[in-house]
Amino acid sequence: MSDQLEKGLATFVRLAEENPYTGTAEQIVTLSLGIDAAATRLKRPTFSLFREETGINEKVFSKLRVIGKTLKQLKDKERREVVKGLPASYSTIHVLCSITPAELVTGIKSKSITPGTSVSAARAYAKQV
């Protein structure tokens with residue numbers, strides 16, 4: 001493995017350590033955006049190694065990647081607003097990422113989505129939208 005590749009891998013692993021998927025909404029979003037960035041920047045074998053190095057199981061890792069893919073479509077200002085209104089649960093955020101980024105912003109602004117939103121409430125909201 002080249003030095004540059006190792007540094008890149010180490011950077012992504014450190015990001016995962018500093019932003020646990022069991023942490024705050026901001027940590028979950030930061031981790032998810034990092035996973036999405038790693039998916040686009042690292043070659044597949046290196047990305048697989050990254051996933052292993054994080055110690056996050058495949059199912060959770062996949063959900064985090066979906067979150068990252070959805071939230072990167074938002075402008076920075078919108079993303080900051082959305083993060084403030086999201087619950088600290090990757091499962092709930094993952095369900096909410098089944099709606100469009102614009103619908104997510106609307107849900108946060110209208111207070112239909114709050115930091116107290118549960119997985120079941122998120123599912124109901126996603127169906128309603």
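Predicted model: local features only at pLDDT ≥ 70, side-chain atom pairs only at ≥ 80, totals over all residues.
## Ground rules

Local features need pLDDT of at least 70 and side-chain atom pairs pLDDT 80 or more, while totals for chains, interfaces and linings use all residues. Numbering starts from 1 along each chain as its sequence is written, and side-chain values use heavy atoms, with hydrogens and water left out.

## Salt bridges

Count a side-chain nitrogen of Lys or Arg within 4 Å of a carboxyl oxygen of Asp or Glu, and you get four salt bridges. One of them pairs D36 with K72, with the closest N and O atoms 2.9 Å apart. D36 sits in helix α2 (residues 25-41) and K72 in the loop between α4 (58-71) and α5, so this pair ties together parts 36 residues apart in sequence. Helices here are DSSP runs (H or I, at least four residues), numbered from the N terminus.

D36 is buried at 4% relative accessible area, whereas K72 is partly exposed at 41%. The cut-offs are under 20% for buried, over 50% for exposed and partly exposed in between (1.4 Å probe, protein chains only).

## Helix α5

Helix α5 (residues 76-85) buries R79, V82, V83 and G85. Down the axis, those buried residues fall within an arc of 160°, taken from the directions from the helix axis to the C-beta atoms, so they line one face. K77, R80 and K84 are exposed on the other side.

Note on methods:
Helix = DSSP H or I, 4+ residues; strand = E, 2+ residues; numbered from the N terminus.
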